[in-house]
Amino acid sequence: MRQRKLGRRPLLALGTIAATGAILTGCGDDQPTEAVFDNPTECAASGVDLQICQAEYQRALQAHLQSAPHFNSQAACEQEYGDGRCLSSQSVAAADGSTNAGNDTGSFFIPFMTGYLVSSAIGNLASYGAYRNYVGGPNYSYSRPIYRTRSGDMVTSGISNGQRVSRPVNVNTRTVSRSGFGGRSSSRGFFGG
């Protein structure tokens, strides 16, 4: 009969246990890295400070005005984003109080912003003061406007190498609501779902 030596554990067994634990941990649902909100009120209802939600909304709104997809005609915009879901640059400029929306010259059409995408990390911030520190930090990711295409897909828009590009919303995203900002009845007049 063999005697077992006590005091020495096989390293292979410990390594296997640690690796198995790491693999099984990865099997659960990943926490979303971003969340989609229709408006600051819904963001606040999810437990985030209302001032933080409003600030993120304003950041998404500014990104919308700067990087929304541009179309030469309303028909071309509505072909991609749906009937009644686009407006002219003159409407944007009038509602914004500026002489020109974005950096382009001439008339163009953009889709309504139907929501905004924010980092789920803002849910961990206890106050607006903490948010202001977070915004200046290296881990901050800007909120982005969301557009809903004619087929119902959610996309974001940005500028890459000087060109406007639309990308599908990351699948690792939690959608909080889908109803939009209320269409043309909103106070600014150019958001809707």
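Q: Is Cys86 buried or exposed?
A: Cys86 has a relative accessibility of 2%. Buried means under 20% relative accessible area, exposed over 50%, and partly exposed in between, using a 1.4 Å probe and protein chains only. So Cys86 counts as buried.

Q: What kind of model is this?
A: Residues are numbered from 1 along each chain as its sequence is written, and side-chain values use heavy atoms, with hydrogens and water left out. Local features need pLDDT of at least 70, side-chain atom pairs count only at pLDDT 80 or more, and totals for chains, interfaces and linings use all residues, since this model is predicted.

Q: Which residue does Cys86 pair with in a disulfide?
A: A disulfide is a pair of cysteine sulfur atoms within 2.5 Å. Here the S to S distance is 2.0 Å, and the torsion about the S-S bond is about -85 degrees, so this link is left-handed. Cys86 is joined to Cys77.

Q: How many residues apart in sequence are the parts tied together by Cys43 and Cys53?
A: These two form a disulfide with sulfur atoms 2.1 Å apart, and the link is left-handed, at -75 degrees about the S-S bond. Cys43 sits in helix α2 (residues 40-45) and Cys53 in helix α3, so the parts tied together are separated in sequence by 10 residues.

Q: What pattern do the disulfides of the chain follow?
A: There are two disulfides in the structure. Count the bonded cysteines along the chain, and the pattern is 1-2, 3-4.

Q: How far apart are the end C-alpha atoms of helix α3?
A: Helices here are DSSP runs of H or I with at least four residues, strands are runs of E with at least two, and both are numbered from the N terminus. The expected span of a helix is 1.5 Å times one less than its number of residues. Helix α3 (residues 50-67) has 18 residues, so it should span 26 Å. That agrees with the distance between its end C-alpha atoms, 25 Å.

Q: At what angle do the axes of α3 and α6 cross?
A: Axes are lines fitted to C-alpha atoms, for helices over the stretch in contact, with angles from 0 to 180 degrees between N-to-C directions. The axes of α3 and helix α6 (residues 128-135) come within 9 Å. Contact means heavy atoms within 4.5 Å, and it is made by Gln51, Ile52, Ala55, Glu56 and Arg59 of α3 with Tyr128, Tyr131 and Val135 of α6. The crossing angle is roughly 35 degrees.

Q: Which side chain makes a polar contact with the side chain of Ser119?
A: Ser119 is in strand β4 (residues 115-119), and its relative accessible area is 10%, so it is buried. A polar contact is a pair of N or O atoms within 3.5 Å; within protein, one must be able to donate a hydrogen and the other to accept it, and residues adjacent in sequence count only if both atoms are side-chain atoms. At 3.4 Å, the partner is the side chain of Tyr134.

Q: What distance separates the C-alpha atoms of Met113 and Leu65?
A: Met113 lies in the loop between β3 (109-111) and β4, and at 0% relative accessibility it counts as buried. Leu65, one of the buried residues of α3, is 48 residues away from Met113 along the chain. Their C-alpha atoms are separated by 9.5 Å.
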